[in-house]
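Got a new structure open and wondering where to start looking? Here is a quick tour.

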Amino acid sequence: MKAYLMYKNHDFDIEQELPKNEAELIQDLELNTLFNAMANNDKFLFDVAKKAILTGLKNDIDTILYRQEILKDCLNNPLVIKEIYDLAVEAIEREKKVYFGFLSRYPDVILSRSIEVLQLFLEMLKKLREIALENLNKFQSDGFKTFFNMLKQELSDDYFLIIQNHLKQLKFNNGVLISAELGEANKGVNYVLRKQVKKNTGWVKNLFSAKSPSYTFYISDRDESGARALSELRDRGINLVANALAQSTDHILSFFNMIRIELAFYIGCLNLFNVLTEINEPLSFPVPVPINERKHSFKELYDVCLALTMKQKIVGNDLDADGKELFIITGANQGGKSTFLRSIGLSQLMMQCGMFVPAQYFSSNICDNLFTHYKRKEDFTMKSGKLDEELSRMSNIIDNITTNSIILFNESFAATNEREGSEIARQIISALLEKHIKIFFVTHLYEFASSFYNKNLENAIFLRAKRQQDGSRTFKLVEAEPLQTSYGEDLYKSIFNEKY
Amino acid sequence: MENLKKNFFSILFKKSEDKLRELDTSQPSFFVDLNLDQVIDTITIGKKEYNLKPFFYIHLNDIETIIYRQEIFKELENIALFESIKSFARSINTMRDYISKGEKLYYKLQKERYFLEAVEIYCNAVTSLFNFLSSFEIKSLGLLNFKKYLIEYVNSDIFISLKEETKKLIADLNSIKYCIHIKGNTVKVRKYENEPDYSVEVEATFEKFKQGAVKDYLVKFTSPVDMNHVEARILELVAQLYSDIFSNIDNYCIKNKNFFDETISTFDREIQFYITYIEYMNIFKNSGLNFCYPIISNETKEIYNYDGFDLALAYKLLNENSKIVCNDFYLKDKERIFIVSGPNQGGKTTFARMFGQLHYLATLGCPVTGKSAQLYLFDKLFTHFEKEENIKNLHGKLQDDLISIYNILSEATSNSIIILNEIFNSTTLKDAIFLGKKIIQKIIDLDLICVYVTFIDELVSLSEKIVSMVSNVDPNNTALRTYKILRKPAGGLAYAISIAQKYKLTYEDLKERIKS
């Protein structure tokens with residue numbers, strides 16, 4: 001039995017590895033802000049959100065759409081989702097409390113613990129089935145339909161009856177029947193608990209029918225060592241069945257765990273949805289296009305992390321840049337360049353893990369890797385110069401980059417003079433571009449930017465942080481050629497509170 | 001078969017009188033000086049049950065037996081043969097283990113099972129060794145005789161019926177399957193009647209929840225092989241259920257009490273001499289060191305050995321991952337005596353020990369260290385090494401030393417080997433020179449082979465029988481000893497030259513450096 005709410009035909013692996021550049025992505029895109037909003041102070045939700053978002057780049061379009069449909073169901077039935085999620089959490093939490101005998105050396109103790117856990121799970125499974133039956137018709141997505149139908153079929157009344165029967169059998173009111181063979185030194189080995197076969201006529205069959213001879217002896221009440229020996233023998237007999245039952249309860253536990261993990265992602269999405277709709281930010285389900293196409297079109301795309309931090313609606317950007325591979329963004333400081341760059345990265349990650357995106361409309365080709373190359377403030381290692389450090393990070397990226405990657409540069413290669421920095425950037429970008437890697441490059445390197453502008457490339461687009469006449473910024477980017485100067489002067493004046 | 005036994009005494013001894021010497025051996029007196037005690041300890045470690053040390057104490061003064069053993073050693077270089085014999089030995093060991101386990105148990109039904117298993121292991125071991133040897137072309141006389149014996153034994157009625165009966169009884173026991181029903185303090189025992197496995201059913205019920213690997217909850221029961229009275233009672237009842245099988249076993253055990261063939265048993269022990277020594281050699285061979293089969297002669301005193309080493313020291317150094325230095329020596333024509341001098345801690349004592357070890361192990365028929373060797377079949381080996389603990393009483397020590405040396409010289413013949421190490425160190429130089437010369441002269445007169453480690457250079461020029469060997473230091477770093485012992489004139493010059501080399505100021509160096 002599988003939940004299959006993250007993938008159509010396999011489990012979501014919570015242990016899977018994150019991309020190698022996990023730390024850079026989290027830092028540069030300020031992903032923790034997003035995870036925290038989804039987690040709503042629940043560490044488990046945080047972990048699942050982080051896993052799901054950072055591993056989303058592996059998903060194909062089918063998986064993205066599969067999750068979108070499920071997420072729509074969740075948005076329509078938030079209370080049902082919460083109920084199932086809470087049920088799974090309750091099953092898991094209550095199982096933990098039945099801790100006695102968990103590490104026991106006695107099969108008898110293991111068995112009775114397992115029986116207790118099984119009784120608890122039985123109750124939970126019945127509830128789960130109730131929920132499924134009640135809500136079957138309210139859900140539209142393939143994922144939920146399959147999930148609920150599975151619960152309906154697999155957890156039938158007959159099945160619950162079989163479990164009840166086992167629970168009764170395992171109390172051994174008729175004693176235990178153990179088979180054995182002769183092992184080393186003729187000691188008994190291969191102890192196996194046997195089913196005491198019922199006869200049609202009555203309850204327990206006459207175990208020792210006339211045909212086969214049997215011998216009986218008794219352990220006297222005063223024979224303590226005999227009683228111990230007998231109880232060990234009994235333990236050996238029920239060892240296998242105790243193991244089987246304990247493992248079965250573990251399996252059921254992992255079933256609940258899987259439900260919890262996979263729903264946790266959607267619960268996280270619901271949490272984020274609530275925060276963003278409260279501040280009236282638009283959300284939409286994006287349109288992913290195949291990995292080998294080059295598309296990036298959106299309306300009112302905003303930096304979700306900035307919105308979450310500011311707790312207010314922020315300015316979004318529009319762009320229609322299908323067929324473009326190189327995006328060079330120039331313009332004023334504090335003009336929304338970094339925010340824009342972040343919104344590109346965040347929306348891509350969110351789309352690819354099956355979430356809604358922070359935009360009125362969003363469509364892009366999916367990618368298989370996302371890299372960020374941001375200017376770092378300090379070189380903590382003291383071993384290499386700043387440019388060394390930048391180039392070394394660049395080299396790491398090159399080790400892992402693929403044709404269908406997206407890479408975000410933020411003021412890279414500015415650690416040296418403009419001419420050198422431009423030349424380095426020019427060489428790197430030319431190479432990346434030849435491989436059709438999608439590049440977003442925020443830069444003050446005028447020489448670099450204008451050299452590409454002058455090439456009149458079909459697949460390049462130049463954006464500029466727009467400046468109003470009064471010197472204040474709109475945070476809107478417009479398509480425009482690179483300018484030689486940026487607006488540091490403004491910034492200076494604004495900070496030093498100097499008037500025009 | 002009796003006839004065969006007369007032809008074949010032992011895989012170790014060609015002559016029956018040598019075999020008997022085993023009963024009356026003790027560690028030879030020179031063992032400690034040569035560190036041979038350590039060598040033999042290492043070789044026999046973990047093989048105590050075979051009592052192998054006496055084999056290493058019996059000095060063979062007989063080229064025929066030495067060659068008998070060398071041939072066997074050579075034959076055992078075949079890995080398949082070696083492994084097959086080793087596996088035989090391991091099985092016999094397991095067999096012994098089972099017998100002794102059985103002896104320790106209280107209940108007869110348990111003892112009998114161990115006995116049966118022991119015999120089965122024995123039969124299998126003998127059979128697989130036989131199978132291997134049947135298709136293996138043996139060259140050495142010793143193994144050839146053993147093979148002949150084995151073929152006869154395996155085809156004997158005694159062995160055939162032992163093997164078959166054992167196999168059948170064990171199969172009978174393994175076919176037994178019974179049921180125990182426990183309710184309260186009542187225990188019923190009967191034959192198993194195909195009742196289904198209940199845990200399989202439980203597993204099947206919950207199969208649908210299976211997500212992946214889960215923890216193993218099986219409790220590991222560790223209990224001694226001996227039984228408690230409840231188990232014993234159950235076993236008795238099982239024996240009653242299957243009374244025909246168990247009464248056959250009773251008879252079998254009585255009949256086959258002495259199943260272990262004496263010649264096979266002797267072979268099992270004696271072959272360990274070869275196995276242990278080969279495994280010991282392999283430790284060194286794996287580190288790139290050489291072993292060879294020495295030519296042994298009592299006719300010529302021309303001897304040589306190339307790339308030999310001190311086994312005890314090398315074993316220690318290998319464990320420390322340190323470098324092992326090999327040395328060469330030879331005696332030609334009238335040469336008889338090595339006088340070893342040079343810097344202290346330069347490997348002089350090691351050289352002396354190596355020399356002694358080589359000769360002693362060669363006369364056991366064993367391969368020795370080095371790429372090639374010709375060694376002398378001595379009648380007696382004498383050593384006298386400086387003992388450090390006697391500093392208190394110098395006069396007494398000198399006296400003791402002289403008494404020892406006197407005894408050695410009076411027992412030694414021209415066929416003996418004498419190894420003297422740093423004697424007279426603690427006396428005055430004048431005395432030492434005087435005594436040294438006297439003793440060397442006696443050794444020269446005896447015409448025997450000798451290694452004499454000393455600081456007295458003057459002894460070297462006394463006779464053409466004397467060869468001077470000198471320990472050395474690294475030319476580039478005079479503080480670093482090379483442990484190389486080289487044939488060259490004694491004296492301090494070697495030291496001065498090595499310093500010159502370090503600064504490239506030797507004649508040769510200067511010729512190169514000063515250009516025309």
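What follows walks through the contact between two chains, then a few places inside each one. Keep in mind that this is a predicted model.

Let's begin where the chains meet. On the chain B side, 57 residues are in contact with 62 residues of chain A. Several elements of chain B give two or more residues to that side: helix 7 (108–134), strand 1 (177–183), strand 2 (186–191), helix 10 (198–206) and helix 11 (229–241). Helix 11 of chain B gives the most, with 9 residues. Sort the residues on the chain B side by class and you get 29 nonpolar, 11 polar and 17 charged.

| Strands | Sense | Bridges | A bridge pair |
|---|---|---|---|
| Strand 3 (residues 214–218) of chain A and strand 2 of chain B | antiparallel | 5 bridges | Y218(A) and T186(B) |
| Strand 7 of chain A and strand 11 (residues 438–442) of chain A | parallel | 4 bridges | L326(A) and I439(A) |
| Strand 4 of chain B and strand 9 (residues 372–376) of chain B | parallel | 3 bridges | I296(B) and L375(B) |

Now for chain A on its own. Helix 5 (residues 78–97) and helix 6 (residues 107–135) of chain A pack at an angle of about 175°, with their axes 10 Å apart. That angle makes helix 5 of chain A roughly antiparallel to helix 6 of chain A. Among the residues making the contact are V80(A), I84(A) and L87(A) from helix 5 of chain A, and L120(A), F121(A) and M124(A) from helix 6 of chain A. By class, this contact has 10 nonpolar, 1 polar and 4 charged residues.

Strand 7 (residues 326–331) of chain A is worth a look too. 6 of its 6 residues are buried, so strand 7 of chain A is largely enclosed by the rest of the structure. L326(A), I328(A) and T330(A) point one way, while F327(A), I329(A) and G331(A) point the other way.

Over in chain B, 4 strands form an open sheet in the order 4-9-5-6, with mixed pairing. Strand 4 (295–297) and strand 6 (327–331) of chain B stand at the edges with a single partner strand each, so one side of each has no neighbour in the sheet. On average, neighbouring strands here are turned by 20° against each other, direction ignored. Lying across strand 4, strand 5 (303–308), strand 6 and strand 9 of chain B is helix 15 (residues 348–363) of chain B, which runs at about 80° to strand 9 of chain B.

Key. Residues numbered from 1 in each chain as written. Chains lettered and ligands numbered in written order. Predicted model: local features only at pLDDT ≥ 70, side-chain atom pairs only at ≥ 80, totals over all residues. Contact = placed C-beta atoms within 7 Å. Nonpolar A, V, L, I, M, F, W, Y, C, P; charged D, E, K, R; others polar. Pairing = 2+ DSSP bridges. Axes fitted to C-alpha atoms, helices over the stretch in contact; angles between N-to-C directions. Parallel < 35°, antiparallel > 145°, perpendicular 65-115°, else oblique. Buried ≥ 20, exposed ≤ 12 C-beta atoms within 10 Å, placed from the backbone.
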